[in-house]
Amino acid sequence: MSLFGIEVSLYQGERKQPDAVLCISREPDSLGAGPSLVAEEEQPLKKIYKYKKVLSNPSRWEVVLKEIRTLVDMALTSPLQDDSINQAPLEIVSKLLSENTNLTTQEHENIIVAIAPLLENNHPPPDLCEFFCKHCRERPRSMVVIEVFTPVVQRILKHNMDFGKCPRLRLFTQEYILALNELNAGMEVVKKFVQSMHGPTGHCPHPRVLPNLVAVCLAAIYSCYEEFINSRDNSPSLKEIRNGCQQPCDRKPTLPLRLLHPSPDLVSQEATLSEARLKSVVVASSEIHVEVEHTSTAKPALTASAGNDSEPNLIDCLMVSPACSTMSIELGPQADRTLGCYVEILKLLSDYDDWRPSLASLLQPIPFPKEALAHEKFTKELKYVIQRFAEDPRQEVHSCLLSVRAGKDGWFQLYSPGGVACDDDGELFASMVHILMGSCYKTKKFLLSLAENKLGPCMLLALRGNQTMVEILCLMLEYNIIDNNDTQLQIISTLESTGVGKRMYEQLCDRQRELKELQRKGGPTRLTLPSKSTDADLARLLSSGSFGNLENLSLAFTNVTSACAEHLIKLPSLKQLNLWSTQFGDAGLRLLSEHLTMLQVLNLCETPVTDAGLLALSSMKSLCSLNMNSTKLSADTYEDLKAKLPNLKEVDVRYTEAW
């Protein structure tokens with residue numbers, strides 16, 4: 001038969017004539033016409049009670065099946081339509097199946113088909129979900145899975161609001177997708193199913209589909225490692241893992257020790273042996289095989305970690321030097337198929353432009369167990385999703401590559417050179433840096449982070465001619481990020497070793513000479529540009545002489561944009577800046593806030609700035625006067641600025657939300 005446009009082969013089994021199975025009687029009730037309203041309301045409830053009593057003591061299953069069909073027909077045709085009427089037959093059948101576990105497969109399928117009409121508009125109860133899961137596992141190619149379960153799962157994904165309250169609905173959806181993956185077309189059927197959930201247009205009309213699919217994927221991936229996780233002492237819960245493995249506990253061993261759970265004899269050997277490599281320790285379960293090799297060079301690192309008072313965060317646990325340990329995780333065949341299926345779904349979800357922002361936000365906290373992040377196959381397959389985030393020009397997407405909050409590591413650190421998931425020579429790292437530097441992350445803070453943690457990989461990639469890394473090194477020199485003279489000389493040597501680096505370094509030297517000339521003492525203290533002046537006009541004017549004494553600059557009613565911020569930050573004495581009625585936006589504000597910390601007066605009246613840029617002003621502690629008249633300032637941002645700017649005395653917030 002055809003499913004989502006793909007031909008699949010299904011188990012046919014020994015089936016009766018379809019009419020005998022699918023026939024549902026819809027004859028009117030024989031109690032007569034024209035009963036009172038009270039009688040109409042009482043009839044369905046009385047009938048449900050009668051059927052519940054009859055089905056509680058089944059004798060012949062042919063009769064039971066007939067009674068189930070009649071019960072379903074009654075619920076569908078009842079004038080009293082509420083949850084109690086529609087759910088009651090499903091509850092009765094659920095109890096019937098739980099109490100009679102010796103039914104044949106054919107009897108199972110007949111019962112499922114009989115209650116199928118009720119499932120079109122009602123979620124199956126928990127026990128019935130368990131029954132459906134069992135059927136998906138045992139008969140993945142059954143026609144019931146395709147014909148009956150498909151619309152049920154589609155409804156669950158479109159309407160379910162909380163899998164936490166209905167975990168068996170999630171498990172049923174998970175097993176259904178695995179059943180699709182067992183068909184002869186395999187992942188093609190799964191992909192077509194996901195496409196059917198998204199819809200043919202560029203925007204999915206059902207907002208719950210993506211978070212529900214992601215929840216199913218995360219739970220399925222976690223289940224692949226769950227047996228091993230639960231078998232280890234002191235293994236953190238999923239909540240602890242999602243919070244960075246920093247919850248306090250009685251024992252705080254490092255990751256290799258926790259995976260090994262070594263015996264006291266082995267610990268004593270590690271404390272005394274100094275030359276020979278210790279014998280490999282293997283921990284195996286029915287689904288997972290983990291092997292960790294220790295060398296004598298691992299002792300200092302392990303000892304230092306063990307003496308730490310706090311458990312390291314998620315990425316630190318995995319940033320183990322190759323000289324210290326080599327960890328490999330092997331899944332069993334079934335877990336491996338499950339992992340492959342659901343990682344493929346995540347990759348498919350990342351291909352949809354409208355889903356990518358929400359997907360990036362959901363994955364930003366790294367909601368996977370550390371065993372998965374230590375699994376080479378998993379991180380290699382997930383790399384496609386991270387690459388899609390790095391290629392997306394939208395800030396709300398690629399910003400999710402960074403950590404969800406300060407002090408935590410994110411995908412950027414995980415897939416950077418030296419990170420546990422990095423399996424290339426830094427190509428993905430360079431791609432992530434390029435997209436981040438091209439948006440709002442061209443800041444001193446980001447450059448400082450790279451200089452402190454990733455300077456080596458940056459220099460190596462620059463040495464190989466990577467243009468993004470050459471630009472990074474030039475910016476580090478231009479913004480005086482590097483204090484050590486030897487490191488500065490090494491960066492200069494790296495830049496001069498390639499054609500592109502040499503060219504960019506020469507341009508940097510020219511800019512530095514112009515900067516020295518610009519900042520030389522002298523020139524006017526006040527300057528006003530004519531209306532309709534542009535960024536190029538401002539750049540040309542500032543390059544024509546010395547402006548080291550310039551304290552007051554008015555760009556009001558000109559055509560300057562955020563691009564002129566690169567020239568404004570080179571004015572060391574600037575204290576008053578008027579940007580009234582310009583196109584100066586959030587990106588320019590972020591740059592000013594990092595460099596012009598001595599600015600005292602700022603006029604942003606009638607500019608397109610928003611909360612995203614205005615919040616950056618909280619670092620400009622010298623501000624005394626701030627005009628935000630007719631901007632997109634919100635009340636919350638205004639309160640935040642007042643709390644963080646102690647010297648602020650004059651504020652204009654007219655014609656804003658905060659007014």
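These legends accompany close-up views of one predicted protein model.

**Figure 1. The whole protein chain, predicted model.** The protein chain holds 32 helices and 11 strands. It runs to 659 residues, and 49% of them count as buried. Its exposed surface comes to about 31600 Å². Carbon and sulfur atoms supply 50% of that area. Among contacts with a separation of 6 or more, 71% join residues 24 or more positions apart.

**Figure 2. Helix H8 against helix H9.** H8 spans residues 167–181, and H9 spans residues 187–198. Their axes come within 7 Å. The crossing angle is roughly 135°. On the H8 side, the contact is made by Tyr-176, Ile-177, Leu-180 and Asn-181. On the H9 side, Met-187, Val-189, Val-190 and Phe-193 take part. By class, the contact of H8 with H9 has seven nonpolar residues, one polar and no charged.

**Figure 3. Helix H6 beside helix H8.** H6 covers residues 126–138. The axes of H6 and H8 come within 9 Å and cross at roughly 15°. That angle is under 35 degrees, so H6 is roughly parallel to H8. The crossing of H6 past H8 is left-handed. H6 brings Pro-126, Asp-127, Cys-129, Glu-130, Phe-132, Cys-133, Cys-136 and Arg-137 to the contact. H8 answers with Arg-168, Leu-169, Leu-171, Phe-172, Glu-175, Tyr-176 and Ala-179. The contact of H6 with H8 divides into 10 nonpolar, no polar and five charged residues.

**Figure 4. Tyr-176 of H8, a residue with two helix partners.** Tyr-176 belongs to the contact of H8 with H9. Tyr-176 also belongs to the contact of H8 with H6. The two partners lie at separate angles to H8: roughly 135° for H9, and roughly 15° for H6.

**Figure 5. Asp-353 in its loop.** Asp-353 sits in the loop between helix H16 (333–349) and helix H17 (356–363). Its relative accessible area is 47%. Asp-392 is 39 residues away from Asp-353 in sequence. In space, the C-alpha atoms of Asp-353 and Asp-392 are 8.8 Å apart.

Methods:
Residues are numbered from 1 along each chain as its sequence is written. This is a predicted model: local features need pLDDT of at least 70, side-chain atom pairs count only at pLDDT 80 or more; totals for chains, interfaces and linings use all residues. Side-chain values use heavy atoms; hydrogens and water are left out. Helices (H or I, at least four residues) and strands (E, at least two) are DSSP runs, numbered from the N terminus. Buried means under 20% relative accessible area, exposed over 50%, partly exposed in between (1.4 Å probe, protein chains only). Contact means heavy atoms within 4.5 Å. Accessible areas come from the Shrake-Rupley method with a 1.4 Å probe; for residues, only the protein chains shown count as cover. Axes are lines fitted to C-alpha atoms, for helices over the stretch in contact, and angles run from 0 to 180 degrees between N-to-C directions. Ala, Val, Leu, Ile, Met, Phe, Trp, Tyr, Cys and Pro count as nonpolar, Asp, Glu, Lys and Arg as charged, and the others, Gly among them, as polar. Angles under 35 degrees count as roughly parallel, over 145 as roughly antiparallel, 65 to 115 as roughly perpendicular and the rest as oblique. A crossing is left-handed if the near helix is turned anticlockwise from the far one by less than a right angle, and right-handed if clockwise.
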